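Have the model open and follow along point by point.

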Amino acid sequence: MEKLRIVFMGTPDFAVGILDTIYNSNYEIVGVITAPDKPAGRGQKVSISAVKEYALAKKLHLLQPTNLKDTDFLSELEQLQANLQVVVAFRMLPEVVWKMPKLGTFNLHASLLPEYRGAAPINWAIINGETQSGVTTFFIDDKIDTGAMILSKNIAIEAEETAGELHDRLMLLGSEAVLETLALIETNKATTTIQVENPNVKTAYKLNKDNCKIDWTQDGNTINNLIRGLSPYPAAWTYIKDGDQEWNVKLYAATFEANSESKPIGAVYTTKKEIVIATKDGVLKVTQLQFPGKKKMLAHELLNGHTFSENAMAL
């Protein structure tokens, strides 16, 4: 059995959960690599990654390269004498990096590969109405999420589950998968399965303003899945037009009811506590949303100080 000397690479909260599990399992972490600090928000205040925050708190050796091929960075990485690298939610690695350690470099991906390769697997699984998700560990190669798989674990997606809720459950499942993978590698028992190429596999495309916008010509379940799959971040959005006013509104939670609604598609109306938007096959009852310049709020909170005319429309 070979004692592991691990370099961990990651950036967001999801990666922190995995790093914390490795740390608390008494593996030797000789280095942590994360994204450089960058300005964020309206005030452009310098923001540090969640992984950096954790590494500083635990006094772990930290590297923040801007260029993963930089000779100074590669020299410092080599000096750590890691024999294994673990990657969770980081950027694509050059070959010189992922080939460096003796035991290889493995990645934890939040999907059941080869399905949902790419940047946003948790979101797209819900957006596409999947009932199963999971995690996969695999050895990195020269493409994105295509390497030989070590192990996978699956989990059921609940009917009204959001991306945020699934994220937290997959982080726990991913921690289990990483620990099992480390044990297999440590005892030289890791076996791999080559990913079978299939033109019909679904891709987890990077999220952007266009693919987060609600298309009200789609059926109500599809629209509700988009809202669930983008909640709490980055959030599905729509324009709501009421007379000469138009707002860019984010929708965080809703329920869909199928019926023979007679109102035009996109028509917005309210009850005392609900904001209702007509779809082609029913109604979407919005329960949490955010107007520009306002905080995220429940529908009934917004209605305490806002009224819609009978001509309001979601566009």
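**Notes on the model**

1. Let's start with charge pairs: searching the whole structure turns up twelve salt bridges. Keep in mind that this is a predicted model.

2. One of those pairs is Glu28 with Arg5, whose closest N and O atoms sit 2.9 Å apart. Glu28 belongs to strand S2 and Arg5 to strand S1, so this pair links distant parts of the chain, 23 residues apart. In general, side chains of opposite charge can pair when their charged atoms come close.

3. Now for the sheet. Seven strands make up an open sheet with mixed pairing, and the order to trace is S5-S2-S1-S6-S7-S9-S10. Strands S5 (62-63) and S10 (149-156) are at the edges; each has a single partner strand, so one side of each has no neighbour in the sheet.

4. How do S2 and S5 pair, parallel or antiparallel? Strand S2 (residues 28-33) and S5 run in the parallel sense, joined over two bridges. Look for Val32, which has Leu62 in S5 as its bridge partner.

5. Helix H6 (residues 163-186) packs on the sheet, where it touches S1, S6, S7, S9 and S10. The direction of H6 makes about 150° with that of S10.

6. Finally, have a look at the largest pocket, with a volume of about 1600 Å³. Its lining counts 44 residues, and Pro12, Ala89, Phe90, Ala119 and Ala120 are the ones nearest the centre. Helix H1 (13-24), S7, helix H5 (121-127) and H6 each give two or more residues to the lining. Sorted by class, the lining has 25 nonpolar, ten polar and nine charged residues.

Technical notes
Residues numbered from 1 in each chain as written. Predicted model: local features only at pLDDT ≥ 70, side-chain atom pairs only at ≥ 80, totals over all residues. Heavy atoms only, no water. Pairing = 2+ DSSP bridges. Helix = DSSP H or I, 4+ residues; strand = E, 2+ residues; numbered from the N terminus. Contact = heavy atoms within 4.5 Å. Axes fitted to C-alpha atoms, helices over the stretch in contact; angles between N-to-C directions. 1 Å grid on protein atoms, 1.4 Å probe; cavity = no way out; pocket = protein on both sides within 12 Å on 5 of 7 lines; lining within 4 Å. Points joined across faces, edges and corners; volume = space filled by probe spheres on them. Nonpolar A, V, L, I, M, F, W, Y, C, P; charged D, E, K, R; others polar. Salt bridge = Lys/Arg side-chain N within 4 Å of Asp/Glu carboxyl O.
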